[in-house]
Amino acid sequence: MGLVTQILALPAAPVRGIWWVLDKVVQVAEDEYYDPAPIQEELVTLERARAEGSLDEEEFEQREDQLLQRLEEIRAYQLRKAGQGGP
C-alpha cells in the first residue's frame with residue numbers, strides 16, 4: 001500500500017478493526033462449541049455413572065444418544081471446515 005492509499009483508508013481503520021475483533025470472537029466461540037473433548041469426557045462420566053448404578057439403563061441410553069448425536073454434528077462441522085481449507 002502506498003502512502004496515499006493508507007491516508008485515504010485511515011478513516012475506515014476502526015471499522016476494519018471491529019470486524020477483525022468480531023471475526024476472532026466468532027472463531028474462538030466456534031472452536032469452543034465444536035470441541036469434542038468435553039462431549040467425550042461427558043460420555044466417560046455417563047458410563048461411570050451407569051457402572052456405579054446411579055443411572056438407570058433408559059436414562060443412560062437417552063443421554064448417550066444425545067451425546068453421540070452431538071459428536072456427529074461436531075465431526076460433520078470439522079469435515080466441512082476441512083473441505084473449505086480452514087485450519
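This is a predicted model: local features need pLDDT of at least 70, side-chain atom pairs count only at pLDDT 80 or more; totals for chains, interfaces and linings use all residues.
Visitor: Which residues does Leu-55 contact, leaving aside its neighbours within four places in sequence?

Guide: Leu-55 is itself a member of the largest nonpolar core. In soluble globular proteins, nonpolar side chains tend to be buried together. Once the neighbours within four places in sequence are left aside, the residues in contact with Leu-55 are Leu-46, Ala-49, Arg-50 and Phe-60.

Visitor: How many charged residues has the contact of H2 with H4?

Guide: On the H2 side, the contact is made by Glu-30, Asp-31 and Tyr-33. These meet Arg-70, Glu-73, Ile-74, Tyr-77 and Lys-81 in H4. By class, the contact has three nonpolar residues and no polar ones, while the number of charged residues is five.

Visitor: Which residue forms a salt bridge with Lys-81?

Guide: Side chains of opposite charge can pair when their charged atoms come close. In the salt bridge of Lys-81, the closest N and O atoms are 3.5 Å apart, which is within the cut-off of 4 Å. Lys-81 lies in helix H4 and its partner in helix H2, so the pair ties together parts that are 50 residues apart in sequence. The partner is partly exposed, with a relative accessible area of 44%, and is Asp-31.

Visitor: Which residues are linked with Glu-47 in a network of salt bridges?

Guide: Glu-47 forms a salt bridge in which the closest N and O atoms are 2.9 Å apart, and Arg-50 is its partner. The two residues are three apart in helix H3 and are separated by about one helical turn. Both are partly exposed, Arg-50 at 28% relative accessibility and Glu-47 at 33%. The residues linked with Glu-47 in the network are Arg-50 and Glu-57.

Visitor: Is Arg-70 buried or exposed?

Guide: Arg-70 is placed in helix H4, where its side chain meets that of Glu-73 in a salt bridge of 3.3 Å, N to O. Glu-73 counts as partly exposed at 35% relative accessibility. A residue must fall under 20% relative accessible area to count as buried. Arg-70 has a value of 15% and is therefore buried.

Visitor: Which residues does Arg-70 contact, leaving aside its neighbours within four places in sequence?

Guide: Glu-73 is three residues from Arg-70 in helix H4, and about one helical turn separates them. This partner is thus a neighbour within four places in sequence and is left aside. The residues that remain in contact with Arg-70 are Tyr-33, Tyr-34 and Ile-39.

Visitor: How many salt bridges does the count come to?

Guide: Among the salt bridges are that of Lys-81 with Asp-31 and that of Arg-50 with Glu-47. Another is formed by Glu-73 and Arg-70. The count comes to five.

Methods: Residues are numbered from 1 along each chain as its sequence is written. Side-chain values use heavy atoms; hydrogens and water are left out. A nonpolar core is a set of buried Ala, Val, Leu, Ile, Met, Phe, Trp, Tyr and Cys residues joined through side-chain atoms within 4.5 Å. Buried means under 20% relative accessible area, exposed over 50%, partly exposed in between (1.4 Å probe, protein chains only). Contact means heavy atoms within 4.5 Å. Ala, Val, Leu, Ile, Met, Phe, Trp, Tyr, Cys and Pro count as nonpolar, Asp, Glu, Lys and Arg as charged, and the others, Gly among them, as polar.
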